[in-house]
Every structure is written in C-alpha cells, then in structure tokens.
Amino acid sequence: MFKKNSYVFSTEDARRIAHKRLPKMVYDFIEGAAGREVGVSRNEAAFDNIMLQPRVMEDVSERSLKTSILDQSFDMPFGVAPMGMCNLACPNADKILADLANKFDFPICLSSAASSSIEDMGDWAGSHAWFQLYFSASEAASLAMVDRALKAGYETLILTVDVPQVSRRIRDLRNGFNLPFSMTPSAFWDFATHPKWSLTTLLAGTPSPKNFIDDNGKIRFNRNGNRAGANWDFFKLLRKKWPGKLIVKGVTSTDDAKRVKNLGADAIYVSNHGGRQLDSVPPAIQLLPLIREAVGSDFPLLFDSGIRNGEDIVKALALGADFAMIGRPALLALGAEGVAGLSALLDCFCEDISVVMAQLGMKSINDINAHTAYSFATR
Ligand code: FNR
C-alpha cells in the first residue's frame with residue numbers, strides 16, 4: 001500500500017532508530033510512563049498472552065480492511081491516538097500525520113497540547129482530524145477551545161478524563177523535561193549531541209503547545225496543572241454544547257463505562273493512557289472484554305494502550321473494540337525516519353492485519369467483530 005524506502009519493518013525497528021536519532025529528553029518523553037513503568041510493560045505483555053485461532057480452507061483471496069466508526073468510514077481499522085507535542089518527534093510531524101491520514105484514509109486526533117493549532121489541523125486534515133480536549137485552567141478556557149474546534153469544522157470531539165493530574169514520570173523529572181523547554185546545561189548537551197534533530201527541529205521553530213496562547217502571544221500552558229475539572233458535570237455540559245460525536249477517552253472501569261454511556265456519549269475510548277498515568281492500572285486489553293460486556297454489543301468502543309503491530313489490532317477487535325488507535329509506535333516511527341518511517345510502519349500494520357485475517361479465514365473486519373477470532377484471552 002505504501003512506498004518502502006525505510007528501515008522500519010516493525011515498532012521495534014522504529015524504537016531502535018528513534019533511540020539513536022532523538023535527544024534523550026525527547027525519546028524519554030515518548031517512551032516514558034508513570035512510576036516504575038510496570039504498567040506499560042504489562043500492557044504489552046498482556047497482548048503477548050492472547051492467542052488467535054487459525055481457520056483453514058476458506059477463500060480469503062480477497063480481503064478488505066475497510067470499516068466504519070461513528071458513521072465515518074475508513075480504509076483501515078485504526079488511526080493515530082491523540083498525542084501532545086508531536087512536532088518534537090520530527091519537524092512538521094502534525095502536517096505529516098494530516099497528509100498521511102488524508103492519503104490513506106484513517107483518523108488522527110489533535111491533542112489540546114499539540115504543537116499545531118486547532119485551525120491549522122482542521123485545514124490540513126478536514127474530517128480526518130478529531131479534536132481531543134483536556135480540561136485545562138478553567139471551564140471557560142476549556143469551552144473556548146471547544147468553540148474553536150467547532151468553528152474550525154471538527155465533527156468529533158474526544159474528552160480525555162484519565163489525567164486529573166499528570167503523573168510523576170521519572171524520566172521527564174530526571175531530564176528536566178518541561179513545556180516550554182527550559183534550556184538547562186544538560187538539555188543543551190543533549191541537543192548539541194543530536195545536531196541533525198536540533199538543526200531540523202529547533203530551526204523549524206521550537207515546538208510549543210500552540211493552543212494555549214494568550215492575547216499577548218504568550219504560552220499559558222501549565223503541563224502539571226490540575227485537570228480534574230473534567231468531572232461528570234463538565235461532561236454533561238459538554239454533551240449539551242457539542243453537536244457532533246462525543247467520545248470519552250480513558251475509561252477502564254465497567255461502572256464508569258455504563259455511566260458515560262447513559263449520559264449520552266457516542267463512544268467510549270478504552271485506554272489506560274499507555275501506562276503514563278497509573279502504573280498499577282490493569283492492562284487495558286484485559287479490561288476491554290469486560291467493558292464490551294457492560295455496554296452491550298452495539299455501543300461503539302475504541303481502544304488503545306499496548307498495540308505494537310497489526311496482529312495486536314486484530315486482537316483488540318476480537319476482544320470487543322470497533323476501532324483501534326496507535327500511540328507510541330507512530331511517534332517512534334516519525335522520530336526514526338519522519339514521513340518515510342511512519343508510512344512504512346502503517347504499511348507493516350496493514351499488511352499484518354491482512355495476513356492475519358487470511359490465517360483466521362476472514363475476509364472483512366466485520367468478521368473479526370463477530371468474534372470468530374476470539375480465542376484464549378487472558379481474563
Ligand atoms: C500521549 N497520550 C495522550 N493522550 C491524550 O488523550 N492526550 C494527549 O495529549 C496525550 N499525549 C501523549 C503524548 C505522548 C508522547 C504519548 C506517548 C501518549 C496517550 C495516547 O493517546 C495513548 O493513550 C497511549 O499512547 C496508548 O499507549 P501506547 O499504545 O502508546 O503504549
């Protein structure tokens with residue numbers, strides 16, 4: 001599907017190359033997680049413990065990856081999760097994401113903490129861009145961002161609710177990572193020893209959170225500020241104000257899932273933030289079937305946390321997701337080789353899914369949703 005001019009054949013390749021090319025501070029920001037980083041390892045290990053049952057002698061010569069979610073159809077069953085400050089991975093990463101989303105027909109999510117503006121991403125990606133909201137500073141400031149998204153033509157809004165407070169991510173603390181950057185001696189040394197990244201990325205304009213600019217052009221984003229205003233009352237208010245599709249991201253409990261559904265969300269995005277928030281959180285993929293059972297078979301569910309290849313996406317679809325999202329792998333691929341790296345990784349994921357479907361005797365994504373691939377899940 002995509003052109004191969006890359007050394008990226010897997011997430012592990014992307015990680016290895018990005019590790020060499022990115023300043024430590026940036027690589028650690030992408031790869032790091034909360035506490036002792038057990039949660040992120042558990043997410044990945046839980047996928048390894050799920051097996052799929054092959055089926056034979058089906059005619060699987062024609063297979064399609066097309067699917068739809070929230071009345072939008074896409075050519076593939078996954079998109080890219082909301083991630084702040086993508087332009088740290090490579091220059092113009094947000095624009096690259098938009099171009100690839102348009103070209104290959106998958107959704108991307110502009111984070112409130114993105115290094116591109118709501119309006120620019122709306123222009124670049126049209127209906128392929130969804131907007132992700134963090135409650136930040138105040139209700140009025142948060143709703144002002146929602147108004148901007150509406151004016152810029154976004155139709156799908158994701159409210160992320162699993163960051164009442166940014167967790168202690170030890171790598172970021174050790175590296176002195178903050179936004180905007182403070183140029184400490186160690187940061188200076190880190191950037192100086194990665195001259196290619198520094199010349200291309202910093203000279204393209206030091207990435208900063210573009211959606212929190214005040215009237216005087218100053219950044220007013222406090223990364224460590226309290227975001228606990230994203231409470232049930234705020235969600236009810238948002239439901240009244242947002243005319244489009246509303247997704248709630250970061251739900252991991254069945255009780256919360258039922259409440260979110262009853263209060264009128266259009267979809268739940270099951271995620272434990274890739275272990276970046278609560279280190280001892282259960283693996284998201286193990287919670288997914290429980291949440292599917294709690295909300296019923298027809299309620300739309302998206303999923304992320306721990307997906308590292310296309311086979312993992314098939315597992316997530318088999319365990320109850322209607323659509324998957326990839327996080328770290330996308331940023332690592334951008335950090336490794338920019339547009340070539342991400343194109344290659346998307347290609348790998350799509351090929352994985354298609355080949356795995358063939359092994360499972362399936363021709364369409366809906367076959368997976370019908371649970372025919374369901375197997376020995378760890379519960
Ligand atoms: C994130 N994530 C995230 N989520 C969100 O709702 N808003 C955000 O701004 C961010 N920012 C962010 C930055 C970086 C560098 C990463 C890696 C992640 C979480 C993201 O959407 C997703 O839930 C996780 O990345 C999924 O875990 P894996 O699969 O990447 O391990």
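**Exercise 1. Describe Asn 92: how exposed is this residue, and where is it placed?**

Asn 92 is partly exposed, because its relative accessible area is 49% and the class covers values between buried (under 20%) and exposed (over 50%), with a 1.4 Å probe and protein chains only. Before going on, note that this is a predicted model, in which local features need pLDDT of at least 70, side-chain atom pairs count only at pLDDT 80 or more, and totals for chains, interfaces and linings use all residues. Residues are numbered from 1 along each chain as its sequence is written, and side-chain values use heavy atoms, leaving out hydrogens and water.

Next, find the place: Asn 92 is in the loop between β3 (78-80) and α4 (93-104). Helices (H or I, at least four residues) and strands (E, at least two) are DSSP runs, numbered from the N terminus.

Finally, look at the backbone: phi of Asn 92 is near 60°, a positive value. Most residues other than glycine have a negative phi.

**Exercise 2. Now try Ser 305: is this residue buried or exposed?**

Start with the loop between β9 (301-303) and α13 (310-318), where Ser 305 lies. Ser 305 counts as buried because its relative accessibility is 5%. Its phi is also positive, near 110°.

**Exercise 3. Which residues surround the ligand, and what contacts do they make?**

Step one is the shell: 23 residues surround the ligand, each with a heavy atom within 4 Å of it. The closest are Pro 82, Ser 111, Thr 160, Arg 308 and Arg 328.

Step two sorts the shell by class, giving eight nonpolar, ten polar and five charged residues. Here Ala, Val, Leu, Ile, Met, Phe, Trp, Tyr, Cys and Pro count as nonpolar, Asp, Glu, Lys and Arg as charged, and the others, Gly among them, as polar. Helices α2 (24-31) and α14 (328-359) each supply at least two residues of the shell.

Step three looks for polar contacts, which are pairs of N or O atoms within 3.5 Å:

- A polar side-chain atom of Gln 132 lies 3.0 Å from a ligand nitrogen atom.
- An N or O atom in the side chain of Thr 160 is 2.8 Å from a ligand oxygen atom.
- For the side chain of Arg 308, the distance from an N or O atom to a ligand oxygen atom is 2.7 Å.

Methods: A polar contact is a pair of N or O atoms within 3.5 Å; within protein, one must be able to donate a hydrogen and the other to accept it, and residues adjacent in sequence count only if both atoms are side-chain atoms.
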